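These are my notebook entries on one protein structure. I set down what I looked up, topic by topic.

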Amino acid sequence: VSTVGGYTWYKLDYKGRDGWAAGKYLRYGSASSCGGGSQASSNDCSAHGGPFNAACLSCICQIESNCRPLGCSWDVNSLSCGYYQIKQDYYTDCYTPGSSWEQCSKDKSCATRCVNSYIRRYYRTCTGQSSPMCCEQAARMHNGGPYGCRRSATLGYWSKVKACLARIGK
């Protein structure tokens with residue numbers, strides 16, 4: 001976010017290309033528009049599975065790989081690797097931590113940094129708000145890309161994460 005010439009400018013990313021748009025020309029969604037029908041206030045994640053935190057990340061890791069450093073395998077038109085089944089484009093979008101995509105995806109610390117960076121990068125793009133970062137939207141973005149929190153196709157993935165959170169009591 002930057003203010004220049006009386007406008008508030010927002011950095012946008014579309015298919016890996018960066019651009020800027022003046023805020024007055026953007027339409028922002030509400031938190032409920034990304035929550036699959038859930039209702040939550042703008043400062044509460046209770047209706048969205050709680051905050052995006054270590055418990056949420058742990059469940060994503062469990063669903064993706066049983067939290068193991070899996071080798072790369074073909075998944076939806078590209079290879080997915082490691083703890084969080086990170087794709088090469090996702091790795092680029094998380095600002096390429098570590099020395100390489102495959103190596104980072106198989107190093108839990110590096111892969112976790114990548115997922116955190118990716119979610120922070122796109123959370124406002126998907127939800128229209130920067131905080132609080134809720135688990136539901138983060139999980140759906142991890143599964144469905146920068147606009148995953150808006151896609152009904154990610155609701156099944158969210159159901160798995162929510163069930164995991166219930167099992168661990170979070």
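The entries below go from the whole chain to single residues.

**Basis of the entries.** I note that this is a predicted model, in which local features need pLDDT of at least 70 and side-chain atom pairs count only at pLDDT 80 or more, while totals for chains, interfaces and linings use all residues. Residues are numbered from 1 along each chain as its sequence is written, and side-chain values use heavy atoms, with hydrogens and water left out.

**Overall make-up.** I looked up the secondary structure and found six helices and five strands. Helices (H or I, at least four residues) and strands (E, at least two) are DSSP runs, numbered from the N terminus. Read from the N terminus, the order of elements is β-β-β-α-β-β-α-α-α-α-α. I then looked up burial, where buried means under 20% relative accessible area, exposed over 50%, and partly exposed in between (1.4 Å probe, protein chains only). Of the 170 residues, 42% are buried. The accessible surface is about 9,100 Å², and carbon and sulfur atoms account for 49% of that area. Such areas come from the Shrake-Rupley method with a 1.4 Å probe; for residues, only the protein chains shown count as cover. For contacts (heavy atoms within 4.5 Å), I considered pairs at least 6 apart in sequence, and 43% of these join residues at least 24 apart.

**Helix α5.** How many of the residues of helix α5 are buried? I found nine of the 10 in this helix (residues 135–144), so α5 is largely enclosed by the rest of the structure. The buried residues are C135, E136, Q137, A138, A139, R140, M141, H142 and G144. Their cover includes α1 (54–65), α2 (88–93), α4 and α6 (155–167). After α5 comes G145, whose phi is positive, near 90°.

**Residue C135.** I took C135 as one example from helix α5. C135 counts as buried because its relative accessibility is 0%. Leaving out residues up to four places away in sequence, I found that C135 touches H48, G49, G50, P51, F52, C56, W158, V161 and L165. I also compared C135 with A55: the two are 80 residues apart in sequence, and their C-alpha atoms lie 9.0 Å apart in space.

**Disulfides.** I counted eight disulfides in the structure, a disulfide being a pair of cysteine sulfur atoms within 2.5 Å. I looked up three of them, as follows.

- C61 and C67 have sulfur atoms 2.1 Å apart. Their link is right-handed, with 100° about the S-S bond. C61 is buried, at a relative accessible area of 0%.
- C72 and C81 have sulfur atoms 1.8 Å apart. The torsion about their S-S bond is about 105°, so this disulfide is right-handed. C72 is partly exposed at 28% relative accessibility, whereas C81 is buried at 0%.
- C94 is joined to C114, S to S 2.1 Å. This pair links distant parts of the chain, 20 residues apart: C94 is in the loop between α2 and α3 (101–105), and C114 is in helix α4. The torsion about their S-S bond is about -100°, so the disulfide is left-handed. Both C94 and C114 are buried.

**Residue T112.** Where is T112 found? I located T112 in helix α4 (residues 108–127). Is T112 buried or exposed? T112 counts as buried because its relative accessibility is 19%. Apart from residues up to four places away in sequence, T112 touches L57 and Y84.
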